[in-house]
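Let's walk through this one together, starting with the whole chain and ending at a single side chain. Have the viewer open as you read.

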Amino acid sequence: MADLASKGVLATLFAVALLASGQNSTITGTLTGQVIMEGFIELKLPLWARRLMTRLIAIIPVILSVMYTSQKGTVEEHIALNNLMNNSQVFLALALPFSIIPLLMITDSEKDMGHRFKNTLIVKFLGWVSVIGLTVLNMLGLPDEILSFFGDDPTARQISLAHALVILTMAFILSLLVWTIITLYKGNKGLAK
């Protein structure tokens, strides 16, 4: 009996540690993104709105995950949490170009980096090949990931919904990437003047 109780305590401690580390990394990433967006593309928001948005972005996925898995049995709960962790990695992979592209564009700016530390032609080439390759690979894997939300045997209606979600998600991500590139390009040109 004591063994079962200690396993429950250990499981709870592990869950709390996982939640705390996830919140720490999410809030750090969110605040970093906020500073970058505010500084480089001049997106200004009132302090209360920034705090509300960054905290909601960090906490809403956790609350939804807990609500989704709370009524399941132990095995189903583990499967759901494992799927959630896999899907969070997919989200991070899709978010990766949004950090690589500004990094490439800023380190290619002679105004920001100076002539000596500006990207060389080979670094620029390899960087853009990497970010384009990662984006294409992530987009190719996106349909399977979205379809996996509907279980092992999705219905025809769920498959058509998944295809619509894929198209909307791809269009949204690609339009955000284009907007990021254009905004950073204009910002670099403005700094050069």
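How much accessible surface does the protein chain have, and what share of it belongs to carbon and sulfur atoms? The total comes to about 13900 Å², with 72% belonging to carbon and sulfur; areas here are Shrake-Rupley values with a 1.4 Å probe, and for residues only the protein chains shown count as cover. Before going on, bear in mind that this is a predicted model, where local features need pLDDT of at least 70 and side-chain atom pairs count only at pLDDT 80 or more, while totals for chains, interfaces and linings use all residues. Residues are numbered from 1 along each chain as its sequence is written, and side-chain values use heavy atoms, with hydrogens and water left out.

Now the fold. The protein chain has 7 helices and 0 strands, where helices are DSSP runs of H or I with at least four residues, strands are E runs of at least two, and numbering starts from the N terminus. Of the 193 residues, 20% are buried, meaning under 20% relative accessible area with a 1.4 Å probe, protein chains only (over 50% is exposed, in between is partly exposed). Take contacts (heavy atoms within 4.5 Å) between residues at least 6 apart in sequence: 61% of them join residues at least 24 apart.

Next, the inside. The largest nonpolar core has 13 residues, and Ile101, Leu142, Ile146 and Ile173 touch the most other members. Such a core is a set of buried Ala, Val, Leu, Ile, Met, Phe, Trp, Tyr and Cys residues joined through side-chain atoms within 4.5 Å. Helices α4 (97-107), α6 (121-148) and α7 (156-192) each supply at least two of its residues, and the largest share, 5 residues, comes from α7. Pick out Ile101: setting aside neighbours within four places in sequence, Ile101 is in contact with Trp128, Val131, Leu177 and Ile181.

Then look at α3 (residues 74-95) beside α4. Their axes come within 5 Å and cross at roughly 20°, so the two helices count as roughly parallel, a label for angles under 35 degrees. At this contact, Ala93, Leu94 and Ala95 of α3 meet Pro97, Phe98 and Ser99 of α4.

Leu176 lies 78 residues from Phe98 in sequence, and their C-alpha atoms are 8.6 Å apart in space. Leu176 sits in helix α7 and is partly exposed, at 29% relative accessibility.

Technical notes: Axes are lines fitted to C-alpha atoms, for helices over the stretch in contact, and angles run from 0 to 180 degrees between N-to-C directions. Angles under 35 degrees count as roughly parallel, over 145 as roughly antiparallel, 65 to 115 as roughly perpendicular and the rest as oblique.
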